[in-house]
Amino acid sequence: MERADIVKLDKGHVWHPYTAMEAYIAGTDPLVISRAEGPYLFDVDGRRYLDANGSWWVSTLGHRHPRLLRALTEQAGQLPHVSLAGITHEPAAALASELVAMAPGADRPELPTGERLTRAFYSDNGSTAVEVAIKMTAQYWAQNGQPRRTRFITLSGAFHGETIGSTSVGGVPLFREVFGPLLFDVVHVPSPAEEGGWERAFAQVQAALREHPDEIAGVIVEPIIQGAAGMQMYSPDFLRAVREATRAVDTFLIADEVFTGLGRTGARFAVDLAGVVPDLLCLAKALSGGLMPFAVTLASERIFSGFLGASSRALYYGHSYCGNPLGAAVAREVLAVYRDEDVLGQVARKAPKVKAAFERMAATLPGLVRPRAIGMVGAVDLGGGGYLASSGWRVYEAARRRGLYLRPLGDTVYIAPALNIPDAALDELLAGVEDSLREVARG
């Protein structure tokens, strides 16, 4: 099919996510991608683009990693799908064991059994991984003697997904206000990344916990980086303080590691940077290496135990593709590649280059503020216009002309490439971002 034909069909029938469709149909000349390899995307005309955000943060091992393709093919030839309701299969069982063995706190013998992340509940995307955590938390309290615990504390700027529950605990006004009548009540506190520091945010978390200890079901956070808010970063000290505060009133800490999990920040999990073990941990995106929709919610033994007993106490929740063999097999191979290719070691070696590059850009180019970086994430702002600002999209167009796919978050320009991106490609990416920013800065 010719490029023009694809675009015609697309604009005639496809409703794109996070896209103002009237403007898109009227004026956007979209990238039309036909294949991908490693850190690169290729369009139908054969032009190559460096994928600067890992195709919405999922391709942490690059595109079409040969070991992942082989795992997918082999599993498809044996067992593509079977329900996980009351039966099991090797990929799901083995993956759960491996995830529990590498979970935060697994290497701490002093950690009480009830606090260990010992159970894996599968779903198919980050939103539902968070939705599972919300339902587990609410149901746990409802059937274990504290039914008034129905409210969650969440952070300004938080993004936890698209379902009604995960939208309720979100904190980006643009993404939640229109759904206001449908959302449940939460306690919003300032982001620890905002001006005033994490202490100000923690003071409000602590106040809410102390004032309503019998109402708070849990505190939910994106550890260290609030991605959709514009790659806002905060101190691990905040996580440590929140963990202690939740312990003081015996409520739960939910870590949404859909974006940060599996090496993004340089640690296996972002909570590891704070030495914190949450009660629930949500994973997706990197877990299946960009090949399959696949997610998991890891739960503590205490929470799991709260669902035992009469059949009425069970968690009546799950999707048709929950724990599907294809996704589970690929996820197992993802974890194996991380071990065999020392992916965390690669991040440790490359991260200083990312940090130095963004600091240099902000120091030498006019109009750039708040350079920040951790692990393989680097970001800088072009003013303070927020998510609907257009500055970042001018950089997007300049980057596209240079062979980069650099989707911004409003006026925030960032990179979150494959963690195993080759050194030469990373150099190319950082140079292209700098040149694109310079072009826009000069007007």
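User: Before we start, how are helices and strands defined here?

Analyst: They're DSSP runs, numbered from the N terminus. A helix is H or I with at least four residues, and a strand is E with at least two. This is a predicted model, where local features need pLDDT of at least 70, side-chain atom pairs count only at pLDDT 80 or more, and totals for chains, interfaces and linings use all residues. Residues are numbered from 1 along each chain as its sequence is written, and side-chain values use heavy atoms, leaving out hydrogens and water.

User: Where does K285 sit?

Analyst: K285 is one of the positions under the "binding site" annotation in the unreviewed UniProt entry; such annotations may be inferred rather than shown by experiment. As for its place, look between β11 (280–283) and β12 (295–300): K285 is in the loop.

User: Which positions does that "binding site" annotation cover, and why don't they all gather at one spot?

Analyst: The record lists W56, K285, G318 and R407. They span 352 residues in sequence, so they don't all gather at one spot, and the farthest two C-alpha atoms are apart by 32.7 Å.

User: How many residues of domain 2 are in contact with domain 1?

Analyst: The domain assignment (automatic or from a database) gives domain 1 as 31–64 + 342–442 and domain 2 as 71–341. Contact means heavy atoms within 4.5 Å. On the domain 1 side 29 residues take part, and on the domain 2 side the number is 30.
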